[in-house]
Amino acid sequence: MKHSLLLFTGLVAMGFVSSLKAQEIKELPTVTITSTTNVSEKVSDAFSKEFTEAENPRWYKLNKNYLVTFIEKDMDNKALFKKNGYMIYHIAYGKEQNLPDDVRKLIKSNYVDYDITNTFNVHQDKRNIWIANLEDAKKLVIVRIEEGALEEVGNYDKTE
């Protein structure tokens, strides 16, 4: 599960870095998403309890699970629930202003001349991980922050 989270978050972060040199593409397993769907009371209750300020939720059947997209605190969000109401993961997509102060300060102290362009907050298995895309005139950098530890997971030269 830990490796699948890292792979998934890495792929999400990589999707926002469009001007990179060609990358090797690996084919992922097929995922079937059906149109907007009704969900069970267990799933609905779990969602409502976890996301009290959610706006405009849209539900989709994703194989045997339920995917919901919604807005909360000016961030786009996606959460995946099992049919029993257990939340598998939650991802929030935002910008620099959505980062907690301590996370923003940690990034800025290590990457002084970089702009924070996109952020992702991943919750899975009681883990809280922030991913940020950084950019300066010549580089694109992806960093990951978990439990106060910053790790650079990608560093790319910009192409002209």
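Which residue takes a positive phi in the hairpin of E8 and E9? Start with the whole chain, then work towards that turn.

This is a predicted model. The protein has 160 residues, and 38% of them count as buried. Its accessible surface comes to about 10300 Å². Carbon and sulfur atoms hold 49% of that surface. Now take contacts between residues at least 6 apart in sequence: 37% of these join residues at least 24 apart.

Next, the elements. There are three helices and nine strands. Read from the N terminus, their order is α-β-α-β-β-β-β-α-β-β-β-β.

Now go to strand E8, residues 139–146. Is E8 mostly covered or mostly open? Mostly covered: of its eight residues, seven are buried.

Strand E7 spans residues 127–135 and runs antiparallel to E8, with seven bridges joining the two. One place to look is Ile-129, whose bridge partner in E8 is Glu-146. The chain passes from E7 to E8 by a hairpin of three residues.

Strand E9, residues 149–157, also lies antiparallel to E8. Here eight bridges join the strands. Find Val-141, then its bridge partner in E9, Asn-155.

That leaves the turn between E8 and E9. This hairpin has two residues between the strands.

Key: Residues numbered from 1 in each chain as written. Predicted model: local features only at pLDDT ≥ 70, side-chain atom pairs only at ≥ 80, totals over all residues. Heavy atoms only, no water. Helix = DSSP H or I, 4+ residues; strand = E, 2+ residues; numbered from the N terminus. Buried < 20%, exposed > 50% of the residue type's maximum accessible area, 1.4 Å probe, protein only. Contact = heavy atoms within 4.5 Å. Areas by Shrake-Rupley, 256 points an atom, 1.4 Å probe, with all protein chains shown as cover. Pairing = 2+ DSSP bridges.
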